[in-house]
Amino acid sequence: MKAARLGVIGLVVGVVGGAIVITGGCASEHEKRGHELYTHYCSDCHGESGKQNQGFNWSAMPDPKPKDLSNKSEMGTFKDEELFSTISRDMLDTSEEGGDPIGDDDFAVPTMPTFKYTLSEDEIWAIVGYVRTLHGMKMEYNVLARKTSLEEGLKATQTKFDQAKQAYEAAEKKASDEAERKSEQLKKDVDVDESAYAAEQAAMVQAKKELDSAQAALNNFSTRPGKGLSIPRPDLTVKPAEAAKLVDRGKRLYENKYGCNGCHNLDGEGGKIGPALDRAGFRLNATWIYRWLKNPQAMDAHTRMPALGLTDMDAKAVTMYVSTLRAAKAEPIAEKPVEKP
Ligand code: HEC
Ligand code: HEC
């Protein structure tokens, strides 16, 4: 009895779109995936086993320093869902003036990046599962049940849409048959009465919307959000009068909303996961910067820089700011002595 059940569980681990997707109770595969993702995206700051000052970027970070994920008495106070929503949130502008309203329950540390726009929901759950092991706990959240409910949601909306479509087609046919009958009777063309099937048509449009959103939810579960998303060429023209304001806004967002300084060094301050940006304005062109910020994975699938969910306006402002970073070249350290003849 027991052996037969295990056999079934073992079979439902499938390969979808090149990535291993866990659809059965095989928790260890999910945890292994979580471990790989954690090492790649989190350990530079949090350390391989979650301890303070273990990640190479820890000491370079501005305050607050990355949380100690191995501390059970603190981490144990968070629910699985809370960990998920911290890792998969929208960034908030923490500027005192003109920032976002921030509630007591909101997690709003700009230098802890979001992975909502970089990883699939399933991958983020795998990371949560792994983070739990760093402080000796086990994830209780049922990822399989979540997936099943999304699949059932899709099936239900598909059925509803099929029925709505049939009802619409029947009503539409009835109205045109009616018009044809009248045309024959009156021996002249009679228009189809569109109002006779307007309700069925509206219901079908609504059902299609629900079907699309159920499909999107299931896609987000198993597919990375940036996959196949191409960023159109931006319009980066700015009126000279507005340029300075936009650059200011970009600088504010760089630190207070997207925490770019957690990973990039400027003038000797900030993290070291990415390259120093002191001379980025010389090296990079604005269109490239904009597209990179919107979806780094589209240009380099394995980059550790996450897509931070910059809106078009924010991306434009940050691009303008980064373009102004044109520090003088550092003094060459050891200049070759000029050979005198
Ligand atoms: C650029 C550095 C950096 C990276 C990369 C990073 N974090 Fe963090 N993390 C932080 C900082 C800073 C904090 C905030 C500490 C605080 O609030 O005291 C934090 C806080 C957290 C917290 C605590 C949240 C809370 O509610 O207090 C968790 C959990 C966490 N990170 C998990 C992760 C995971 C998982 C990843 C990888 C997917 C990750 N972090 C990647 C810097 C980072
Ligand atoms: C979690 C760390 C992280 C965060 C947060 C981050 N970056 Fe990066 N960034 C990187 C890494 C790593 C690279 C190097 C690309 C690579 O080779 O993977 C990079 C590359 C870049 C580059 C190209 C630099 C060059 O010289 O080629 C720019 C520009 C840049 N980031 C700007 C930003 C801005 C602006 C933000 C905030 C909106 C930001 N980054 C947030 C890690 C990060």
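I began with α7 and looked up which of its residues are buried: V143, K147, L150, L154, T157, F161, A164, Y168, A171, A175, A179 and S183. I noted at once that this is a predicted model.

**Helix α7**

I stayed with α7 and checked its extent. The helix covers residues 143–186, which is 44 residues. From its first C-alpha to its last I got 64 Å. That is close to the 64 Å expected at 1.5 Å a residue.

Next I looked at both ends. At the start of α7, a side-chain oxygen of N142 comes to within 3.2 Å of the backbone nitrogen of L144. Just after α7, I found K187 with a positive phi of about 55 degrees.

**Ligand 1**

Which residues are closest to ligand 1? I listed C42, C45, H46, K67 and M112. In total, 24 residues surround this ligand.

I then checked H46 for a polar contact. An N or O atom in the H46 side chain is 2.8 Å from a nitrogen atom of ligand 1.

I sorted the shell by residue type. I wrote down 19 nonpolar residues, three polar and two charged.

Which elements each supply at least two residues of this shell? They are α3 (43–46), α5 (80–87) and α6 (121–134). The largest share comes from α5, with three residues.

I also looked up the pockets. The largest pocket is the space that ligand 1 takes.

**Ligand 2**

I turned to ligand 2 and asked how many residues surround it. I counted 21. The closest are C260, C263, H264, R283 and M305.

For H264, an N or O atom of the side chain is 2.8 Å from a nitrogen atom of ligand 2. For R283, a side-chain N or O atom is 2.3 Å from an oxygen atom of the ligand. For T303, a polar side-chain atom lies 2.5 Å from an oxygen atom of ligand 2.

After that I looked for the elements around ligand 2. Those giving two or more residues to its shell are α11 (286–294) and α13 (312–323). The most comes from α11, with three residues.

My last check was the residue types in this shell. I found 15 nonpolar, three polar and three charged residues.

**Recap**

H46 has a side-chain N or O atom 2.8 Å from a nitrogen of ligand 1, and H264 has one 2.8 Å from a nitrogen of ligand 2.

Note on methods: Residues numbered from 1 in each chain as written. Chains lettered and ligands numbered in written order. Predicted model: local features only at pLDDT ≥ 70, side-chain atom pairs only at ≥ 80, totals over all residues. Heavy atoms only, no water. Near = heavy atom within 4 Å. Polar contact = N/O pair within 3.5 Å; in protein donor to acceptor, adjacent residues only side chain to side chain. 1 Å grid on protein atoms, 1.4 Å probe; cavity = no way out; pocket = protein on both sides within 12 Å on 5 of 7 lines; lining within 4 Å. Sits in = over half its atoms within 2 Å of the grid points. Helix = DSSP H or I, 4+ residues; strand = E, 2+ residues; numbered from the N terminus. Nonpolar A, V, L, I, M, F, W, Y, C, P; charged D, E, K, R; others polar. Expected span 1.5 Å × (residues − 1). Buried < 20%, exposed > 50% of the residue type's maximum accessible area, 1.4 Å probe, protein only.
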